[in-house]
Amino acid sequence: MVRISTPTTARLPSSLLLDPSTTPAVSKTLSRLSRASLLSLALDWLSPNNLSLCTPYLHDPEREEEEDGEDEDDDFYPPAHSIADLQDLYSDLQTTKGSKREVLDRIVEGDWRHGVSLYQLAMADLQYLYDHPTSQKWSAYRILPLKPSQTTGSDEQEVEGEVDRESLIVPRFHPSTFLRNLQRQVLPDVKAHYNFDRHKTLPLLILRIFILDSPYNTNLSLSSGDSVGVAGGGGGGGGGSVVYIAFPDASPYIYLSKPTQSGGGGGGGVGGESKSLRNLMVEGIPKALSRPRQRFTLKSTNLVTRNLGELLEKRGAGRMNGAAGGWSIYAGEDGRRENPLDTVLPTPPLSEGDEEDRLAGEGGKDGEGDKRKRDRAQSPGTQRDERATKRRKLLAQARFGDTAKINGGRGVERVDIVVEDPFPLTTLTRKRRAGGDDGERGGREGDGEREGEGQRKGARKSAVEMILEKESADDEDHDPLRDQSGGKDPGGGGGGGGGRWRPSIRLTFHGPHVFAGIRQLVEHGIIDGERMPGWMTGEEGVTIGAVRNGRIRGHKGSGI
Amino acid sequence: MASDPSISISSGSSDSGLTEDRKRAERLNTVRENEQSSDTLVSSVLSIDDEMEKLNERANAEQVSTLQKQLRIQVSTLIASYTTGRAESRTGGTGLAQLIEEDNDPLLRQNLATQLAAQNAHNQQCLYRTCAGVTSFRVQDPDPNAVDGGRVLGIRIEAVRRAKFLRPYYVLLNRPYPNSQSLRVHRHTIPPGIPLSGLAARCLPPPQPDQPAKQDLVKFVRSLRREIVRHHHRLYAVSYLRKAANLNRRAAEMAGDDERLVDIYLGSADAEAKHVEIEYADGRTGRLVMGDDGELTKVVVVSDTAGRDREAVRELLGNAVRVEDVSSRLINAVRDKNSPERAVLF
């Protein structure tokens, strides 16, 4: 036990023990887990690889002789005699039924009564993350190379570098080097514990950072201490923040989770603190990734979701990064059909790449194929309905491809869109003037759609408005780059009419899988699939965006 | 590992050079289909039709789908072989075109004509794709608000590995700039390990108001394809290296060598497929870095206790300058050690 605390800049050691009785974070973290997870966690701790950092409280004959006054029978959880015994015990518990409390008490008051190490705490936290994959909200950032700085040696000023768009360097990182550099970036009055772990099912490396606002790296600062009971922080004890950074394999992106307060701690000021912590991370990570003569920066990619699978698809190592939504037919995994040595005419002709043609072809075929013979008995009304349903399904297939399936397991929970288009009156009149029954019909439908959107917005105005305002403010804080590039975007300059009224419309889509919901609406004919703007299919791959001229402004589709 | 110099951009739908390529396609098809005469094919198609009727009644879906697949193959073969006849019809023979004209049923005639046209277009496309590494095509953007009326230029880059066509890579370009013909990458399926954005910024810069745009699509596609081919070659070199290391390990296990090489694999965080991790049985780890074209840049082996192990590096490399040299060296080492009783390995 270290009795003297000296401020250091070192990181918190993984072996640092936290006393469960004085550190609320321990029991809080452990009690979040299910009984099965707790048991497998305990067995993980007892496995030979982890044992050095997770030593349990064992029966010790020498200590027994010293403290002979204490009777072993009084002990509710008598210490085990060997690791193998403990392993058997927890394996037995796995087969029997019982309460979670029983296992939790056994861990906290029995086998690890002398304390749980930071490493164990990290493992427990990660176990929770695997059990509840959507418990964290991740934002994707892209690592971009910076131009070599032009500053001279005497100039000590730190100049914000310019993104080198012409660079051919694909950033990569090495975990231990990265960690060493990151530690150097962390301020000396903040202590952190780092733990790397490979995600069990996804190609991800997860770094858990446990941050403590204290210059000391002893367990005193965690307000534990065997019997001393001196509260290090005075803030109610042991509440550190936890941030996860996920590094997807073979791709220049980083996913950053929203910091969460671990343990009890004061509730006040968490919001501001966690935001500044995140900013600290966004600033520190690129510096940790950088090397001499090769500097990087992080740029937000406007994708926030709880679903790691979705992140890996849209910002991962695969082919879907620049081809989401309907374009995913080009990125799909079914490569067999695109072999040029196969001269069988593809049906539907995917190789033609023209979705409209494919749609027309399929529709025509269905109209006069075997189906027709079978449907002859039905009334013309049902037949028409069926054909309309079929057509809408095909339309949805054309617009969404194989993405946005409700049971696909990948989706975003929230999409915020700000529409900056001028009031559509002018476009409507233009269409009417152009004449033709088609234009007339389309215009009316468009009207209805817009009204619907307006109602949707109006109904939930109070809550949504507030969040959106916060989000947009967030955006401006975080992400001046996006706004700049949007302003410079030559493609966005099409509208330009300053005199026209631009109502400020903000749309928020909520749900377990937003784009699958929109797809279902298309399939049921509530949204006209042909006139639906592209951003509603999710092909831009963003969850926060401003729409101008019907397209997400500033975002260059593929992110280039 | 240098990229293939023969590269050309050809449009799959253009009419230029059509007759030449049709002749080539015909030759290809004749070679492929000459074992079966078209008459037997017609009869077999008919018999399949009959069988399908029967099976439909029994609702045996699985067999139906197999037969349908078979039917599709037969139909395309048939049409392709009739295409041959069609060319002959110009010189007096009989072909499908003539057959179409002779047929009285207008629906059937129309169907056959569209099918024939589609099959011809597809054959031509396949031919171009087989012979040229890069082909282009046109796409209609389904987004009603798309720029430039939704016109999109698609570029298809073929990837080949071990004499097999892989799924091609696509780059889709549009023209978003007002009053300018300049292109911009709209969508793509290039993995992040290939520096597409850098290449696009170099070869397809956005137009500046004061100076004319200097975009070079051919250079862009050529350098992009070069990067893709290199990437695949590097991946292949690493997998070959790994195979060699496995062979080496098995031989060393038999010999009871404690300092044997355990595994060589690609670094998981490396998008470019340039960093290779090396593991030894006694806990030493190493790393091999190669350049763009597979030349060795850096190799280092480190052990926890003794620091850098230069001896191991020398043993691994010899006088190799490329990654393939390391693989063949590993295999040769096994061959040298290989006594007659261990010949079972090969």
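The expected span of a helix is 1.5 Å times one less than its number of residues.

**View 1. Helix H4 of chain A in the predicted model.** Helix H4 of chain A runs through residues 83-95 and has 13 residues. From its first C-alpha to its last, helix H4 reaches 19 Å, which is close to the 18 Å expected at 1.5 Å a residue.

**View 2. The buried residues of H4(A).** Four names are to be located here: A:Ile83, A:Leu86, A:Tyr90 and A:Leu93 are buried in H4(A). These residues lie on the same side of H4(A), because they cover an arc of only 85 degrees around the axis. Which helices are included in what covers the buried residues of H4(A)? Among the elements that cover them are helix H2 (35-46) and helix H5 (100-111) of chain A.

**View 3. A:Arg106 in helix H5 of chain A.** The residue A:Arg106 has its place in helix H5 of chain A. Is A:Arg106 buried or exposed? A:Arg106 counts as buried because its relative accessibility is 13%, and buried means under 20%. When residues up to four places away in sequence are not counted, A:Arg106 touches A:Tyr77, A:Pro78, A:Leu89, A:Tyr90 and A:Asp111. One of these, A:Tyr90, is also among the buried residues of H4(A).

Methods
Residues are numbered from 1 along each chain as its sequence is written. Chains are lettered from A and ligands numbered from 1 in the order in which they are written. This is a predicted model: local features need pLDDT of at least 70, side-chain atom pairs count only at pLDDT 80 or more; totals for chains, interfaces and linings use all residues. Side-chain values use heavy atoms; hydrogens and water are left out. Helices (H or I, at least four residues) and strands (E, at least two) are DSSP runs, numbered from the N terminus. Buried means under 20% relative accessible area, exposed over 50%, partly exposed in between (1.4 Å probe, protein chains only). The arc is that of the directions from the helix axis to the C-beta atoms. Contact means heavy atoms within 4.5 Å.
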